[in-house]
Structure formats: C-alpha cells, structure tokens
Amino acid sequence: MTDITALSEEQILEKLLGGNEIVFEQVFNKYHSSMQSVAYAIAGPIIADEVVQEAWVSALKALPKFEGRSSLKSWLIRIVANEAKTRRRKENRSVSLEAIQDSWSTDPRFSENSQWKNPSSQWHGDTPEELLSAEELKNCIEKSMLKLPENQLAALRLRDSGGLSMDELCNILEVSSSNVRVLLHRARDKVLKVIDHFQITGEC
Amino acid sequence: MLPNCKQMAELASKNLDTPLTGMAWLKRKIHMLMCKHCSRYSDQIKLSSKTVSTLDLDLPINEDVKKNVEKTYQELHCRKDVSQ
C-alpha cells in the first residue's frame, strides 16, 4: 500500500491527480485537523465543519493548478483561512482583540522594573521530538492551545503550523501587523509556560 | 538604551517572524550576552514555536464531512474514461 510519508509532495500530487483514493484518504487524515483548527479559530466552532468542507472542495477543484510554490499544507491552510474569513464576514463575526489586553502587564514572572523575577527553567530537550517524547506533554500543549483565545489560536495555527506570511495573517485576521505580533507572542508564551511547568513538575 | 527583559521577551517572538536588523539587533544581542534568562527565553520561544508546528489539535473528525469530501474527490479526479 502507498504510504505518503515515503513520497515527495510532487509524487503525492501526481497520485492525487491520478485519482488514487488511498493517497487521498491519507492526505485528508494528515491535514484535516490543521485545517479544522484554523476554521474553528477564525469562523467559530458552529460553522467550522462547513467551512472545512467548502475549503476541501475548493482545494480539490484547484488541485490541477497547484504549482507547488508553497507546501501542500500551507496551500490548504491558506484556502481554509480565506474561506473562514469570508464566512466570518457573512456571519458578522469579527476577530476580537480584547484578549490582547491580557495579564502580560502584570505578569508575575517579571519584577516591577521589568526584569526577570521568575525566569523559565532549564529544559531537558532541545528539539520538539525530544520534548514530545513525553506523550503527556503533547496532550498538555494541545489542551492549552484549545484554551487560547480564538484570535491567538488562529494566529498560531496560521503562522507556526501553516507557515503563512505575516502579511497574509494581517489580511486574514484583519488586524495590524503590530497586533499580529502581539497575538503570536502571547500564544507562544502560553505554550512556553505549559512546557516549562511540565519540565518542572512533570504535570500539566 | 538597551531593552529590558520584558521587552526582550516580546522581541524574542518578533525576531522569529521579522528578524531584527541594525541597532535593534545589536541592542538585543548585547542584552542577551549579559542576561542568561533572556538568552534562554529566546531559545525556548523558538522551540515552543517549532513544537507547535509539529502538533495537530485533537478535534474530532466529522464523518459526514469526510464522506462528502471523499465523494467530491471521486467525482473530480477518479472518473473513468468511458470512451475507452
């Protein structure tokens, strides 16, 4: 049986265009979750499934035109993000920036003069693979990501998972570049805190 | 003036997306040479970002969506050439 992990993107594309259903199912299973989380974060949980389905249909129609200028994953994320943005507008749902005004200004890790008071610990592992060898940590991070404010989750998924450019993030989320930077920092910092806590305590 | 540690934390993330240049780069570099906490935080925010990129959220797959998408794939890309 064909295993897409052993294929290049070019080979995967060739098989997809050739009507290989086994390869398509693997591609679906591999990328659907990432697409779903982008739709979930941008358009909201109620219409997320609908948005992802529409995005898949658009992607399948456009597949013969895919030129491989970005990765297949980035391409799919871009399609679902734009679909989600369109739907969000139709539903009159805007990306809230309220959550930017979070506890950063009173973060207890810093002293009053903004120096480190409680810096992060030394971690056991320098790569994602080393960190995630603890299955529990993987679950902790996933849970913490689902608790992020929607706008932070969207920024994190689009940028760190989808590899979209900062300009694309501004366009999709309809916020300024400085706000995108704040969203990304707050989201990454929360993930960092989860990892740090796990490194110290061995618990979520 | 050099950035303080809190500003350095924000710069660590900013630098991942838009690498700092010129004086901003130099000031950050000098601060990191003097402050092991900021140097560590910078490495860790980069590692956190990389780790996130490898993770998929465990959202349940809607089986109806999967079926509909598979059907669309079959219709668009698996049609048999009836002329043969």
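Reader: Which domains does the domain assignment of chain A give?

Author: This is a predicted model, in which local features need pLDDT of at least 70 and side-chain atom pairs count only at pLDDT 80 or more, while totals for chains, interfaces and linings use all residues. Residues are numbered from 1 along each chain as its sequence is written, chains are lettered from A and ligands numbered from 1 in the order in which they are written, and side-chain values use heavy atoms, with hydrogens and water left out. Chain A has domain 1 (4-90) and domain 2 (98-201), with bounds from an automatic or database domain assignment. Their C-alpha centres lie 25 Å apart. Domain 1 of chain A brings 16 residues to the contact and domain 2 of chain A brings 15 residues, where contact means heavy atoms within 4.5 Å.

Reader: What is the area buried between domain 1 of chain A and domain 2 of chain A?

Author: The size of an interface is often given as the accessible area lost when the parts come together. Here the buried area (accessible area, 1.4 Å probe, lost on putting two parts together, summed over both) is about 1300 Å², and carbon and sulfur atoms give 52% of it. Of the area that domain 1 of chain A buries against domain 2 of chain A, 30% is supplied by Ala41(A), Arg78(A) and Lys85(A), more than by any other three residues.

Reader: How many salt bridges does the rule find across the interface of domain 1 of chain A and domain 2 of chain A?

Author: A salt bridge is a side-chain nitrogen of Lys or Arg within 4 Å of a carboxyl oxygen of Asp or Glu. The rule finds three across this interface. Arg78(A) forms a salt bridge with Glu168(A), with the closest N and O atoms 2.3 Å apart.
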